[in-house]
Amino acid sequence: MTDRIRKLRVERGISQENVAVDLGITPSAYAKIERGETDPNLERLFEIATIFEVPVIDFFTDPVQAVNEPAEGYGTNVKEDIQQLTQLVQQVLSEMNTLKTQLSAKDSSGATKKGKS
């Protein structure tokens with residue numbers, strides 16, 4: 001929750017000092033909230049939500065990140081990359097099946113020739 005509060009404050013370009021003034025507390029007291037050293041009560045959360053112009057639930061969820069930001073370690077073209085990889089795997093499997101068929105045909109024709117000799 002504290003990370004979300006800090007993120008919302010930074011996104012809005014508000015300083016810790018300004019939030020503290022609006023809340024009627026010292027900047028160090030507000031900084032403790034963002035660091036997780038102090039748990040704000042429900043009334044304080046509503047005050048912070050009002051300052052940031054968000055519903056209180058936004059402190060507990062991050063819907064923007066869940067929807068728009070790719071997971072760490074993945075690029076933005078993950079879906080396209082997976083589709084390309086799937087096509088390559090299908091192509092390799094098709095070529096393997098072709099080789100198996102050719103080898104099987106060779107073995108059959110070789111066995112027939114050996115049987116005729």
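Helix H3 (27-35) is followed by Gly-36, whose phi is positive, near 80°; helices here are DSSP runs of H or I with at least four residues, strands are runs of E with at least two, and both are numbered from the N terminus. The model is a predicted one, in which local features need pLDDT of at least 70 and side-chain atom pairs count only at pLDDT 80 or more, while totals for chains, interfaces and linings use all residues. Residues are numbered from 1 along each chain as its sequence is written, and side-chain values use heavy atoms, with hydrogens and water left out.

Within H3, the buried residues are Tyr-30, Ala-31, Ile-33 and Glu-34, where buried means under 20% relative accessible area, exposed means over 50% and partly exposed lies in between, with a 1.4 Å probe and protein chains only. These residues lie on the same side of H3, because they cover an arc of only 150° around the axis, the arc being that of the directions from the helix axis to the C-beta atoms. Their packing partners are H1, H2 and H4, with contact meaning heavy atoms within 4.5 Å.

A positive phi also occurs just after H1, where Gly-13 takes a value of about 70°. Most residues other than glycine have a negative phi.

In helix H1 (residues 2-11), the buried set consists of Thr-2, Arg-4, Ile-5, Leu-8 and Arg-9. They cover an arc of only 160° around the axis, so they fall on the same side of H1. The face of H1 turned away from that buried side carries the exposed residues Asp-3, Val-10 and Glu-11. Cover for the buried residues of H1 includes helix H2 (16-23), helix H3 (27-35) and helix H4 (42-52).

| Pair | Packing angle | Axis separation |
|---|---|---|
| H1 and H4 | about 25° | 10 Å |
| H2 and H4 | about 125° | 10 Å |

The angle between H1 and H4 makes H1 roughly parallel to H4, and the angle between H2 and H4 makes H2 oblique to H4; angles under 35 degrees count as roughly parallel, over 145 as roughly antiparallel, 65 to 115 as roughly perpendicular and the rest as oblique. H1 passes H4 in a left-handed crossing, with the contact made by Ile-5, Leu-8 and Arg-9 of H1 and Leu-45, Ile-48 and Phe-52 of H4. The crossing of H2 and H4 is right-handed, and here Val-19, Asp-22 and Leu-23 in H2 meet Arg-44, Glu-47, Ile-48, Ile-51 and Phe-52 in H4. A crossing is left-handed if the near helix is turned anticlockwise from the far one by less than a right angle, and right-handed if clockwise.

For the protein chain as a whole, there are 6 helices and 0 strands. Buried residues make up 21% of its 117 residues, and among contacts between residues at least 6 apart in sequence, 54% join residues at least 24 apart. The accessible surface of the protein chain comes to about 8900 Å², of which 54% belongs to carbon and sulfur atoms.

Key. Areas by Shrake-Rupley, 256 points an atom, 1.4 Å probe, with all protein chains shown as cover. Axes fitted to C-alpha atoms, helices over the stretch in contact; angles between N-to-C directions.
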